[in-house]
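I opened the notebook to look up how the inside of this chain is packed. The entries follow the order in which I checked things.

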Amino acid sequence: MSIRLKIEKFAFGGEAMGHLEDGRVCFVRHAIPGETVDVEIIREQSRWCRARLIDVADPSPLRVDPVCERFGVCPGCSYMHVSYDEELRTKQALLDEQINRRRETPVMLSEPFAAPERIGWRDRISLHADSGKYGYRGFDNVSLVEVRDCAIAHQAIRSALACFQLPDGFSGDFGWNVSAGVAAARPGNENVLKGNLGQYGEFLYPADGFFQTNPCVAEELVRRVAEAVAVSGAERMLELYCGVGVFSIVSALKCDYLKCSGVEISRSAIALARRNAESRHLGNRCEFMASDVSRIAPSYWRRFRNARLVVVVDPPRGGLDVKTRERLLSLRPETLIYVSCAADTLVRDLKELEKDYDIAQAGLLDMFPCTAHFEVLVVMNRRRN
């Protein structure tokens with residue numbers, strides 16, 4: 001049975017929302033604020049429900065034709081049915097709502113950084129193959145949505161998707177990079193790839209490891225982090241969740257007096273971080289250690305206590321664990337730079353860190369156009385008591 005629903009706004013996570021007659025919030029994908037839509041409820045809770053869009057009875061003037069025929073079936077993109085200006089405005093409003101909820105004095109966000117290209121930006125996608133078909137996991141994270149083209153993927157990937165065949169049971173990355181072209185990589189792949197960050201050159205990274213999927217926006221993010229490090233005037237930098245050392249290395253290149261230390265759980269990433277530093281003659285100023293950040297020995301933290309210190313953190317979506325937040329507050333660096341791909345856990349962590357720190361700068365970089373995701377950069381300064 002269909003229900004008519006007036007859409008009020010976009011919700012965090014890419015869905016739109018309205019209220020049912022009984023007062024419950026109803027979430028629905030691919031609708032636009034201001035529209036009247038017909039929906040079918042697919043999941044119910046006492047205070048909210050989730051619905052499937054059946055028809056748009058009164059379309060919004062903001063609605064545009066998606067550039068991908070799989071939009072609405074594939075779970076990857078959330079905003080392809082509105083203009084890019086509207087997508088950016090929506091993401092900015094959602095970040096503002098997340099950060100400033102229940103604040104007496106709101107944080108003023110910087111202007112969002114728009115991706116140079118809305119489509120064709122993604123140089124790595126995650127594919128699954130079954131019964132002779134391959135594609136993305138569906139909204140239920142179980143079913144397979146067959147994909148022979150992906151509008152947000154790099155053109156080389158799009159061309160390969162049309163004729164490439166993956167073996168049944170494959171589950172891994174399918175990507176393009178400057179060293180290997182288009183290739184598939186399962187978890188555990190030991191190949192070394194190269195990612196290009198424009199003015200900062202190429203960085204080695206493990207095929208089964210992390211490297212930003214949007215090089216153009218990643219270049220701007222790295223530039224902003226290095227600039228914030230320089231402005232801090234710090235003589236030491238500690239980078240947690242450092243990956244292959246990009247933030248440390250670029251910051252050390254910008255500040256010839258800076259000594260950097262990075263921590264990352266992946267041993268293969270740390271080995272390549274060292275190679276990335278040595279190739280730029282920074283082996284004496286950039287050191288890297290393989291360790292779980294939450295299990296760093298107290299003796300390691302003590303090395304930074306008497307230094308004018310800046311700490312850069314770029315954790316996974318789960319954010320900082322309780323112990324790491326406590327360690328950071330105890331360490332008391334002059335400046336904290338937080339890079340996040342998950343605004344909800346970022347806000348949770350900021351609530352604790354703001355016991356001793358003030359936000360000096362906060363803003364989003366649209367690392368993932370058309371999707372519900374974006375990157376956030378927050379710079380915090382220690383409060384003088």
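I looked up the neighbours of I337 first. Leaving out residues up to four places away in sequence, I337 touches V225, A228, V229, V310, V311, V312, V313, L377, V378 and V379; contact means heavy atoms within 4.5 Å.

The model is predicted, so I noted its terms: local features need pLDDT of at least 70, side-chain atom pairs count only at pLDDT 80 or more, and totals for chains, interfaces and linings use all residues. Residues are numbered from 1 along each chain as its sequence is written, and side-chain values use heavy atoms, with hydrogens and water left out.

Next I looked up the nonpolar cores (buried Ala, Val, Leu, Ile, Met, Phe, Trp, Tyr and Cys residues joined through side-chain atoms within 4.5 Å). Buried means under 20% relative accessible area, with a 1.4 Å probe and protein chains only. The largest core has 73 residues, and L127, L161, V225 and I337 touch the most other members. Helix α3, residues 215-232, gives this core its largest share, eight residues. Helices are DSSP runs of H or I, at least four residues, and strands are runs of E, at least two, numbered from the N terminus. Another core, of 34 residues, lies apart and includes V107 and L350.

Then I followed α3. Its buried residues, among them V225, A228 and V229, pack against α4 (246-254) and several strands, including β17 (309-313), β18 (335-340) and β20 (375-382). Just after α3, G233 takes a positive phi of about 70°.

Last, I checked α4: seven of its nine residues are buried, including F247 and I249.

Definitions and conventions. Buried means under 20% relative accessible area, exposed over 50%, partly exposed in between (1.4 Å probe, protein chains only).
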